[in-house]
Every structure is written in structure tokens, then in C-alpha cells.
Amino acid sequence: MAPEPTRDADEIAAWLALVEAQGYLYSVLDRELQEACGLELAKYEVLAHLADQPDWRLRMSDLAARCGLSPSGITRRLDPMERDKLLKRETAPGDRRGVVAVLTKKGYSKLLRAAPVHIAGVRQHVLDILDEDELVLVFKALNRVVESIRQDDVAL
């Protein structure tokens, strides 16, 4: 016997729309970046997080949290990027056990070539579709979700 639903149809529809939109959006943005620049969206995300730091460096644990990955997940993502010299790993200053990921000039150059493609995709598939009020609501709603998860999940 199937479990009794605990949410109404509107809540279920909203959840499924969010899941479907996220899947489609990730897929199309990833495809556009790979076709234009040979860069996966997951790797673009790492480069963008590093470039957002004043010194282009970020502790591995912080980078993993920003990418929604476990420590082993971020290691697996960074291994091929380090082989391609898009970033390097160094011992954290003042903490011999800590490791930081550091964006290289090659990685920054790759990010600069990919950014216009990514920005155009985000504009085409999200920003140009939603009006200003909808964008504000989406930002507020998703930011609340992220903040709640960050507060509740000490593993992030």
C-alpha cells in the first residue's frame, strides 16, 4: 500500500517544477559551455568560486561546501583540473594539515573565455524569462533554503 501523501498538490507541483527546472537548466548550461569552451559546468563553478576570492585561493573544505560536495567529492572534481593546470593545491598558511585550492593564470584565462558563454546562457534561460518581481521572489526563496541547510547541516 502506498504511503499517504503528506503535502497538497500545489506543494508537490512546486517541488517537482524546481527539480525539473534545476535539471534542465544544469544540463543546458553544461552543454553550452562544453560545446563552446570544452569546460564542464561543474569545473566552471570551481573556477568561479576561486576567482571570486581576492587572492584566488580557498580552503578545500570551504570550496567543497560552496559546491555542495563532500571532501572526497571535491578532491575528485579537482584532480583533473589540477592535472590540466587550471588550479593547484597548496598547504594552508599557518595550518600544515589544511589544504587550499589556488586558481592559476591558465584557470583564470579559461574562466574568462567561458564566462560570456555562461552569462549568455543564464540570461537566455533564466533572467530574460522572469520579470523583476519573479527574480526577487526566486532569490529570496532559494536563499532561505540555502541558509536553512547551511545552519542545519554541519557537514557543509
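Mentor: Helices (H or I, at least four residues) and strands (E, at least two) are DSSP runs, numbered from the N terminus. On that basis the protein comes to six helices and three strands, in the order α-α-β-α-α-β-β-α-α from the N terminus on. The model is predicted: local features need pLDDT of at least 70 and side-chain atom pairs count only at pLDDT 80 or more, whereas totals for chains, interfaces and linings use all residues. Residues are numbered from 1 along each chain as its sequence is written, and side-chain values use heavy atoms, with hydrogens and water left out.

Trainee: Why are helix 2 and helix 5 called roughly perpendicular to each other?

Mentor: Helix 2 (residues 41–51) and helix 5 (residues 105–127) pack at an angle of about 115°, with their axes 10 Å apart. Axes are lines fitted to C-alpha atoms, for helices over the stretch in contact, and angles run from 0 to 180 degrees between N-to-C directions. Angles under 35 degrees count as roughly parallel, over 145 as roughly antiparallel, 65 to 115 as roughly perpendicular and the rest as oblique. Helix 2 and helix 5 are therefore described as roughly perpendicular.

Trainee: Which residues of helix 2 and helix 5 meet?

Mentor: With contact meaning heavy atoms within 4.5 Å, L41, Y44, L47, A48 and A51 in helix 2 meet G107, Y108, K110, L111, A114, A115 and H118 in helix 5. Sorted by class, this contact of helix 2 with helix 5 has nine nonpolar, two polar and one charged residues. Here Ala, Val, Leu, Ile, Met, Phe, Trp, Tyr, Cys and Pro count as nonpolar, Asp, Glu, Lys and Arg as charged, and the others, Gly among them, as polar.

Trainee: What makes helix 2 roughly perpendicular to helix 4?

Mentor: Helix 2 and helix 4 pack at an angle of about 90°, and their axes are 11 Å apart. Helix 2 is therefore roughly perpendicular to helix 4. A42, K43, E45, V46 and L47 of helix 2 make the contact with I74, R77, L78, P80 and M81 of helix 4. By class, this contact has seven nonpolar, no polar and three charged residues.

Trainee: How do you know that Q53 is buried?

Mentor: Buried means under 20% relative accessible area, exposed over 50%, and partly exposed in between (1.4 Å probe, protein chains only). Q53 has a relative accessible area of 16%, and is therefore buried. Q53 is placed in the loop between helix 2 and strand 1 (57–59). Residues up to four places away in sequence aside, Q53 touches L58 and R66. In the protein, buried residues make up 27% of the 156 residues.

Trainee: What makes a group of residues a nonpolar core?

Mentor: A nonpolar core is a set of buried Ala, Val, Leu, Ile, Met, Phe, Trp, Tyr and Cys residues joined through side-chain atoms within 4.5 Å. The largest one here has 25 residues, and those with the most contacts inside it include Y44, V46 and L47. The largest share of this core, five residues, comes from helix 2. Leaving aside neighbours within four places in sequence, V46 is in contact with L63, C67, I74, R77, L78, M81 and L87.

Trainee: Where does E32 lie, and which residues does E32 touch?

Mentor: E32 lies in helix 1. Not counting residues up to four places away in sequence, E32 touches V117, G121, Q124 and H125. The C-alpha atoms of E32 and G121 are separated by 7.5 Å, although these residues are 89 residues apart along the chain.
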